[in-house]
Amino acid sequence: MNITVIGASAGVGLEATKRALQRGHRVTTLSRSEVPLPAEPNLISIRGSATDKSDLTEAIRAADAVLVALGTGKNMKVTTLFSDFARLLVEVQKETKTDVPFIFVTGFGTGESRKYVSWFVGIFLKYFLKDVYNDKTRMEEIVADSGMKWLFVRPGRLLDESLTRRLLFCTS
């Protein structure tokens, strides 16, 4: 399987890239920063921007599935990264007629999930991550209205620990 990971230089994107390679998949990554993995035949790294049309088009060209794991790192300032990316992705997807699943890792507290966070997390989102999460919500709205094949994944808590494979699924 050819998997594209957008935002693969750290966090979820990097871990997903490692796991896909371990399972023998061909992985294309698109990241602003270098992906800290050794060169190998099944890894194609594109150093570029998810908001650059040519970089994005090249990254998803041969994909069977696309994982979007964009992040702002520790930056909590106002951003339009997520909504700008979503608008461009919808445009590129329509132009290239890419008909593959797009999996977006956003965050618990984005969109409708915001009403299910604890009071403590709600305060943190309201005062510290408000602008980032508002833009992630805009991204979800743009994608949801696009006609693309999509899935939003909103992890509640991610730890930098050994893989457990324990999952909790909630559907609405």
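Student: Which residue stands opposite S31?

Tutor: In this predicted model, S31 faces R47, which belongs to β3. The two strands concerned, β2 (residues 26-31) and β3, run parallel and are joined by 5 bridges.

Student: How do strands of a sheet pair in general, and in what order do the strands lie here?

Tutor: Strands of a sheet pair through backbone hydrogen bonds, either parallel or antiparallel. Here the pairing is parallel, and 6 strands make up an open sheet ordered β3-β2-β1-β4-β5-β6. The edges are formed by β3 (43-47) and β6 (149-153), each of which pairs on one side only. On average, neighbouring strands of the sheet are turned by 15° against each other, direction ignored.

Student: Which strands does helix α1 lie across?

Tutor: Helix α1 (residues 11-22) lies across β1 (2-6), β2, β3, β4 (65-68) and β5 (101-105). Its direction is at about 165° to β2. Helix α5 (residues 130-144) also packs on the sheet, where α5 touches β5 and β6. The direction of α5 makes about 155° with that of β6.

Student: At what angle do the axes of α3 and α5 cross?

Tutor: For a helix pair, one reads the axis distance, the angle and the handedness. The axes of α3 (residues 81-96) and α5 cross at roughly 15° and come within 7 Å. Angles under 35 degrees count as roughly parallel, and α3 and α5 are therefore roughly parallel to each other. The crossing in which α3 passes α5 is right-handed.

Student: Which residues of α3 and α5 meet?

Tutor: From α3, the residues are L81, F82, S83, F85, A86, R87 and V90; from α5, they are V132, D135, K136, R138, M139, I142 and V143. Sorted by class, this contact comprises 9 nonpolar, 1 polar and 4 charged residues.

Student: How far apart are the axes of α2 and α3, and at what angle do these helices pack?

Tutor: The axes of α2 (residues 53-60) and α3 are 10 Å apart, and the packing angle is about 55°. The helices α2 and α3 are therefore oblique to each other. Here too the crossing, of α2 past α3, is right-handed. K53, L56, T57 and I60 of α2 meet F85, L88, L89, E91, V92, E95 and T96 of α3. This contact has 6 nonpolar, 2 polar and 3 charged residues.

Definitions and conventions
Residues are numbered from 1 along each chain as its sequence is written. This is a predicted model: local features need pLDDT of at least 70, side-chain atom pairs count only at pLDDT 80 or more; totals for chains, interfaces and linings use all residues. Side-chain values use heavy atoms; hydrogens and water are left out. Two strands pair if DSSP finds at least two bridges between them. Helices (H or I, at least four residues) and strands (E, at least two) are DSSP runs, numbered from the N terminus. Axes are lines fitted to C-alpha atoms, for helices over the stretch in contact, and angles run from 0 to 180 degrees between N-to-C directions. Contact means heavy atoms within 4.5 Å. Angles under 35 degrees count as roughly parallel, over 145 as roughly antiparallel, 65 to 115 as roughly perpendicular and the rest as oblique. A crossing is left-handed if the near helix is turned anticlockwise from the far one by less than a right angle, and right-handed if clockwise. Ala, Val, Leu, Ile, Met, Phe, Trp, Tyr, Cys and Pro count as nonpolar, Asp, Glu, Lys and Arg as charged, and the others, Gly among them, as polar.
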